[in-house]
Amino acid sequence: MEQVLKLRNLKVVFPTDYGLIRAVEGVDLDIFHRECVALVGESGCGKSVTSQAVMRLLESPPALIRVDALEFDGRDLTQCTEQEMQEIRGRDMAMIFQDAMTSLNPVMTVGRQIDEMYRRHNGDSKKEAREKTVKALELIGIPEPRERANSFPHQLSGGMRQRVLLAMAFACMPKLIIADEPTTALDVTIQAQVLKTLRGMQRGCGTSLLLVTHDLSVVASIADRVYVMYAGRIVEKAPVKDLFTSPHHPYTVGLMAAVPRLADEKKQFTQIPGTVPSPVNKPSGCYFHPRCQYATERCRQEMPRLKPTGKDREVRCFHPLSAGGEQQ
Amino acid sequence: MTEIMTLQNVSVHFPVRGALPFLRKGEIQAVSDVSLSIHRGEIFGIVGESGCGKTTLASAMVGMIKPTAGQVLFEGVDLNRLPRDEFKKMRRRMQMIFQDPFSSLNPRFNVYQIVSEPMLIRGEDDEETMKARVVELLELVGLSSQDLYRYPSDFSGGQRQRLGIARAISLNPSFLVCDEPVSALDVSIHAQILNLLLELQEKLNLTYVFISHNLADVKKMCDRLAVMYLGKVMEAGNSDKIFANPMHPYTQALIAAILDIDFSEEREIIVLPGDTPSPINPPPGCRFWQRCPKAMRGCREVPPEYVEVEPDHFVACHLVNGFPDQELPEGYDQPMVPREKVPGR
């Protein structure tokens, strides 16, 4: 399989007055052709920073970035100049943000904003660009695309705005799309629509997708492979079905138990005790040990390595759990 | 079981004004003609998408918004007919927990000031009593007396929400409105707060109105619930009955739209077309017809009646209740297939 993205040992640090914030500590990421990879974690775990570092969108300073390898489609992105990056962004690699209202320009019609993609990257004329825009809007499921292209963002509903962002991201048929919480701001019924469209477009265009989210149910419905992040590190990596049928890391188990399901009858909610550690003051040893019920002395002292546990699976834990939730 | 809160045909409309203040462009019918009863000691869920009027309805319940029509009865007393000081006394027994723990706490107040403010307003002036009470409350919600002089910025989202809860229960209310209490929190904290709410309900004999857009949370928390769409109640009643047998197409779609992390069974996902229409001057018929997969021609003109189909299970849908015997447009029971073009929003 062709590899679209290869990221090795990414480290991002933000110096602040209160100390160093180690946002990302050695993340490896592989994305292959036509694959949908999810990066899951709670707020502050470094998932958005990772995705922005991949696009080289982090400003440095303040961010201090170190990376062993960042290869996109065979190119070494670390060697690219800002000008080359601007060519790559949008054409080969696009991003969909969480809040469509703030990522669209409020004083430009959505049509013009999508036209820009074609005019900038393909060098199309105004007319050609508009034709393509209308086609893209139609493809993404917006009724009356020609009229809608002349609307301003505030005239559209939340779901429509998110679709406009999808149309923009898919405009140049990029190799990789990074979607940062694409459906978090949407209602459930609209979320279902947008996810369906996103998945359909991704398959149809043969794009790879990096889905950054905190919502495990979204992951379950569209991802192929999953990386679970906690406090700046990958704690578990697995194909989606394996992850949900037999999670290995206690944090993954806790996260999954915390998602209420319709099938449950009990009145109690399963909870993970404690809170996510502060990024300035992370605990010793395994970052999850203060919240982990299986923690031993070794976990308090030593940070476990990411160890393979099966085909395409890795887990960062001294005491990984087996299928039945039992300790191995 | 006695009723603690009764809503009788409550409507809340907001005028939409044009460029000149006296030109009325129309009305936002945030809540229209809602009748519900909430029993003492239960958790009553209100579910719906954004803009369906959940929060407006809850505000009307605690008297923060005056309904345009209808009555809000708290323990049998009409809130909006009470003289001001009587209302204030009544209001102490109903409190609210807000969605966003970041904007609902004053950043310049310390914990003690935040939690004791309601007591201060009631007229309590003894520092010692208040302090003792605040410490007691903090411990009840899982914080400690050491936090007394810290500021909201020192706390995480979950802890702030605990502060909001402590403040809400400081005057021993009997009726608590929780407006999306966990939607701003992380998944792993989510369950902690919901468990705390359940625990407090048992300890303090509270009645909750639990507003949420997450049906799975509602199913686990609530005894009874109401599903709202565009200002109207679509289905309401006993939670078990509704989840076992959802009758309204919107409820069915909402339940089907919940994404599950269960790989063991395949579920059918109903994807509703279109968006929630604007609540400004909504259509005369059923408010859901434009998106309803089972809409009939008559749904567009004739508003459905709100009928009790089985004990404690109300539905407003023509499919379930049939059409009333009045003048009906021709072919009213024909399904709308192929779907007629929806008029522009």
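## Helix α1 of chain B

In this predicted model, the residues B:K54, B:T55, B:T56, B:L57, B:A58, B:S59, B:A60 and B:M61 of α1(B) are buried. Helix α1, which spans residues 54-61 of chain B, is thus mostly covered, with eight of its eight residues buried. After α1(B) comes B:G63, which has a positive phi near 80 degrees.

## Chain B as a whole

Chain B contains ten helices and twelve strands. Of its 345 residues, 43% are buried. Among the contacts in chain B with a separation of 6 or more, 65% are between residues 24 or more positions apart.

## The eight-stranded sheet

Chain B has an open sheet of eight strands with mixed pairing, and the strand order is β6-β7-β8-β3-β9-β10-β12-β11. The edges are formed by β6 (94-97) and β11 (307-310) of chain B; each has a single partner strand, so one side of each lacks a neighbour in the sheet. From one strand to the next, the twist averages 20 degrees.

## Strand β10 and its partners

Strand β10 (residues 232-238) of chain B is largely enclosed by the rest of the structure, because six of its seven residues are buried. Strand β9 (residues 224-229) of chain B pairs with β10(B) in the antiparallel sense, over six bridges.

Helix α9 (residues 249-257) of chain B lies across β9 and β10 of chain B, and its direction is at about 100 degrees to β9(B).

## Packing of α5 and α6 in chain B

Two packed helices are described by the angle between their axes and the distance between the axes. For helix α5 (residues 157-168) of chain B and α6(B), the axes come within 10 Å and cross at roughly 15 degrees. Because angles under 35 degrees count as roughly parallel, α5(B) and α6(B) are roughly parallel to each other. Their crossing is right-handed.

On the side of α5(B), the contact is made by B:G157, B:G158, B:Q161, B:R162 and B:I165, while α6(B) contributes B:I189, B:Q192, B:I193 and B:L196. By class, the residues of the contact of α5(B) with α6(B) are four nonpolar, four polar and one charged.

## The contact between chains A and B

The contact takes 39 residues from chain A and 33 residues from chain B. On the side of chain A that touches chain B, at least two residues each are supplied by α7 (158-170), α8 (188-205), α9 (216-222), α10 (240-245) and α11 of chain A. The largest share of this side, six residues, comes from α8(A). The side of chain A that touches chain B comprises 18 nonpolar, 14 polar and seven charged residues.

One helix pair spans the two chains. Helix α11 (residues 250-258) of chain A packs with helix α6 (residues 187-204) of chain B at an angle of about 50 degrees, and their axes are 8 Å apart. The two helices, α11(A) and α6(B), are therefore oblique to each other, and α11(A) passes α6(B) in a left-handed crossing. The residues that make this contact are A:G254, A:L255 and A:A258 of α11(A) together with B:V187, B:S188, B:H190 and B:A191 of α6(B). The contact of α11(A) with α6(B) has four nonpolar and three polar residues, and no charged residues.

B:M90 is located in helix α2 (residues 84-91) of chain B. Apart from its neighbours within four places in sequence, B:M90 is in contact with B:F74, B:V77, B:L79 and B:L82. B:G70 is 20 residues from B:M90 along the chain, and the C-alpha atoms of the two are separated by 19 Å.

Definitions and conventions
Residues numbered from 1 in each chain as written. Chains lettered and ligands numbered in written order. Predicted model: local features only at pLDDT ≥ 70, side-chain atom pairs only at ≥ 80, totals over all residues. Buried ≥ 20, exposed ≤ 12 C-beta atoms within 10 Å, placed from the backbone. Helix = DSSP H or I, 4+ residues; strand = E, 2+ residues; numbered from the N terminus. Axes fitted to C-alpha atoms, helices over the stretch in contact; angles between N-to-C directions. Parallel < 35°, antiparallel > 145°, perpendicular 65-115°, else oblique. Left-handed = near helix turned anticlockwise from the far one by under 90°. Contact = placed C-beta atoms within 7 Å. Nonpolar A, V, L, I, M, F, W, Y, C, P; charged D, E, K, R; others polar. Pairing = 2+ DSSP bridges.
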